[in-house]
Amino acid sequence: MDYSGRVVVITGASSGIGKESAAKFARLGASVALVARDGVKLGEAAGELAGYGVPVLACACDVSRKEEVEGMGRKVLEKFGRVDVLVNNAGFGVYGRFSEVGADAAESQMATNYLGMVYCTGQFLPGMLERRSGHIVNVASVAASFGIPAMAGYCASKFAMLGFSESLYHELKGSGVGVTVVSPIMVRTNFFDGESFRRMPKYTYALSASAVAGAVVRAASSPRLEIITPQAVRIAVWFKQTLPYLVNPIVGQIFRRSG
Ligand SMILES: NC(=O)c1ccc[n+]([C@@H]2O[C@H](COP(=O)([O-])OP(=O)(O)OC[C@H]3O[C@@H](n4cnc5c(N)ncnc54)[C@H](OP(=O)(O)O)[C@@H]3O)[C@@H](O)[C@H]2O)c1
């Protein structure tokens, strides 16, 4: 697909899935706006896109802060005039039982992962609806379908993303604007660098950020509500939703090994 002349905003674009997605959209000719908190890392990520010869805007912004998102929205629209694709990808996780990590961890994950998505969507959806064109891609997780022990706050934020997106999906029917959730399993990124993840058991299988970025690009023109990656995991989600009393104890047992 040719993205020449189209504008893509990506949150969490200085690392991992967001950074790879920015490179893929830039390669397809899109103008890209990169959003994350650390301006230095963001500047480096923007510099790496120079070779694609597309307009790039680096916007330091904490998506959990509504007034910062409003400022970012103004900057992006001043520079590009409109947004065709919004990728809500900024997010983080805290590993540990709720009784240990407490309510603050749940609150901060909800503020970035869920409310960050809501604030950014609030900024750019009205323009898309006016033009009857655009797509919102929300990077959730398979943790939007399974309550995993030691990740209660994270799972709650991802369930919330999926629920919000499902409602929006119905609301947007016939509007010319779409919304698609990308739900990957584990991905090799800086996500697990946080102190809390030292106690997480080691899992051998993980996707590359580039593979997930491919799903993000596909999602930007998909009529589907959710793209689960890898696709085979959709079967596990189907089993969980169809036979929860059978599948939930197995999931609990697999992930309770630690935490
Ligand atoms: N890695 C996995 O196994 C996995 C699996 C499923 C889903 N996901 C989801 O994929 C998304 C991307 O994660 P990743 O694996 O690519 O992690 P990552 O490499 O740690 O990248 C996270 C990005 O989000 C930005 N960010 C974090 N908090 C932010 C905030 N409040 N405001 C703005 N930007 C913020 C970070 O930059 P700054 O710190 O500079 O702000 C960074 O650019 C997340 O939503 C995550 O939940 C990851």
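Predicted model: local features only at pLDDT ≥ 70, side-chain atom pairs only at ≥ 80, totals over all residues.
Biologist: Thanks! What makes H4 and H5 roughly parallel?

Modeller: Helices here are DSSP runs of H or I with at least four residues, strands are runs of E with at least two, and both are numbered from the N terminus. H4 and H5 pack at an angle of about 25°, with their axes 7 Å apart. Axes are lines fitted to C-alpha atoms, for helices over the stretch in contact, and angles run from 0 to 180 degrees between N-to-C directions. The angle is under 35 degrees, so the pair counts as roughly parallel.

Biologist: Which residues of H4 and H5 meet?

Modeller: Contact requires C-beta atoms, placed from the backbone, within 7 Å. Among those meeting are Phe98, Ala105 and Met110 in H4, and Ala152, Ala156 and Phe164 in H5. The contact residues divide into 14 nonpolar, 4 polar and 1 charged. Nonpolar covers Ala, Val, Leu, Ile, Met, Phe, Trp, Tyr, Cys and Pro; charged covers Asp, Glu, Lys and Arg; the others, Gly among them, are polar.

Biologist: Why is Ala150 called buried?

Modeller: Burial takes 20 or more other C-beta atoms (placed from the backbone) within 10 Å of the residue's own; 12 or fewer is exposed, and in between is partly exposed. Ala150 has 22, so it is buried. Ala150 lies in the loop between E5 and helix H5 (152-172), and has a positive phi of about 70°.

Biologist: And how do you know that Arg132 is exposed?

Modeller: Arg132 has 10 other C-beta atoms within 10 Å, so it falls in the exposed class. Arg132 sits in the loop between H4 and strand E5 (134-139), and its phi is also positive, near 55°. Such values stand out because most residues other than glycine have a negative phi.

Biologist: What makes the bond from Thr229 to Pro230 cis?

Modeller: Its omega is near 0°. Pro230 is in the loop between strand E9 (226-229) and helix H7 (233-242).

Biologist: Last one: how many residues surround the ligand?

Modeller: There are 31, the closest being Gly12, Gly16, Arg37, Asp38 and Gly91. A residue is near a molecule if its C-beta atom, placed from the backbone, lies within 6 Å of it. The shell divides into 12 nonpolar, 15 polar and 4 charged residues.

Conventions
Residues numbered from 1 in each chain as written. Parallel < 35°, antiparallel > 145°, perpendicular 65-115°, else oblique. Contact = placed C-beta atoms within 7 Å.
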